[in-house]
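Q: I have a structure open and have not looked at it before. Can we go through it together?
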Amino acid sequence: MTLKQTANTSPSAEEIQSFLPAYDSIELLATGGMGAVYRARQISLDRTVAIKVLTHACSSALQFRQIFKCEAQVMAKLNHPNLVSIYDYGEANGLLYIVMQFVEGRSLHDAAHGKSVAPHESAALISKISKALAHAHNSGILHRDIKPANILVDSKI
């Protein structure tokens, strides 16, 4: 296959392992239009992390590269209990990636789909989401894709 044929595809777990050797036990969690998210073990610290890898098409667009790097740098400076922590950012094998905190749980969409949620639980969740977004906004980050599928609900809740 040519790069053009694979530009919008996500690399396999084996490919991620080959160009990010500091991680092992890599497993594909989800794919989307811009890339994919993998669960992996960071070997040096023996911890589970999430690795978001963008497609070749997204990684090769200069304007997108600049925005992605800027947002990764700003997000890495944020410290809030309801925001995922960023551990690393880089480029490998022509692809941009972010290594971040792994949240054991599922998306709000999956957690609430087809279920009735008590008003007090909804209010508590909305409050946490709002505080996290306000913290990000106050730091100059505007999330442009807020939806239940992009909100992670920790399994401890």
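Predicted model: local features only at pLDDT ≥ 70, side-chain atom pairs only at ≥ 80, totals over all residues.

Q: What pattern do they follow along the sequence?
A: The pattern reads α-α-β-β-β-α-α-β-β-β-α-α-β. The radius of gyration is 17 Å, close to the 15 Å that the globule rule gives for 157 residues, so the protein is as compact as a globular protein of that length.

Q: And what does the C-alpha trace span along its principal axes?
A: About 50 × 35 × 30 Å.

Q: How much of the protein counts as buried?
A: Of the 157 residues, 31% count as buried. The protein exposes about 9900 Å², and carbon and sulfur atoms supply 55% of that area.

Q: What share of the contacts comes from residues 24 or more positions apart?
A: Taking contacts with a separation of 6 or more, such residues account for 52% of them.

Q: Switching to charges. How many are positive and how many negative?
A: There are 15 positive and 13 negative charges, and their mean positions are 7 Å apart.

Q: Is Cys58 buried or exposed?
A: Cys58 is buried, with a relative accessible area of 15%. Cys70, on the other hand, is partly exposed at 42%.

Q: What is Val49 in contact with, leaving aside its neighbours within four places in sequence?
A: The list is Tyr23, Tyr38, Arg39, Ala40, Gln42, Tyr87, Val99, Met100 and Phe102.

Q: How far apart are Val49 and Ala134?
A: They are 85 residues apart in sequence, and 25 Å apart in space from C-alpha to C-alpha.

Q: Now Ser107. Which strand is that in?
A: Ser107 is in strand E6, residues 105-107. With a relative accessible area of 9%, Ser107 is buried.

Q: Last topic, backbone angles. What is phi for Asp46?
A: Asp46 has a positive phi of about 50 degrees, although it is not a glycine.

Q: Where is Asp46, and is it buried or exposed?
A: Asp46 is in the loop between strand E2 (35-42) and E3. Asp46 is exposed, with a relative accessible area of 56%.

Q: What about phi of Asn93?
A: Phi of Asn93 is near 55 degrees, which is a positive value in a residue other than glycine.

Q: And where is Asn93?
A: Asn93 is in the loop between strand E4 (86-92) and strand E5 (95-101). At 57% relative accessibility, Asn93 counts as exposed.

Conventions. Residues numbered from 1 in each chain as written. Heavy atoms only, no water. Helix = DSSP H or I, 4+ residues; strand = E, 2+ residues; numbered from the N terminus. Rg over C-alpha atoms; globule rule 2.2 N^0.38 Å. Buried < 20%, exposed > 50% of the residue type's maximum accessible area, 1.4 Å probe, protein only. Contact = heavy atoms within 4.5 Å. Areas by Shrake-Rupley, 256 points an atom, 1.4 Å probe, with all protein chains shown as cover. Lys, Arg positive; Asp, Glu negative; His and termini not counted. Charge placed at Lys NZ, Arg CZ, Asp CG, Glu CD.
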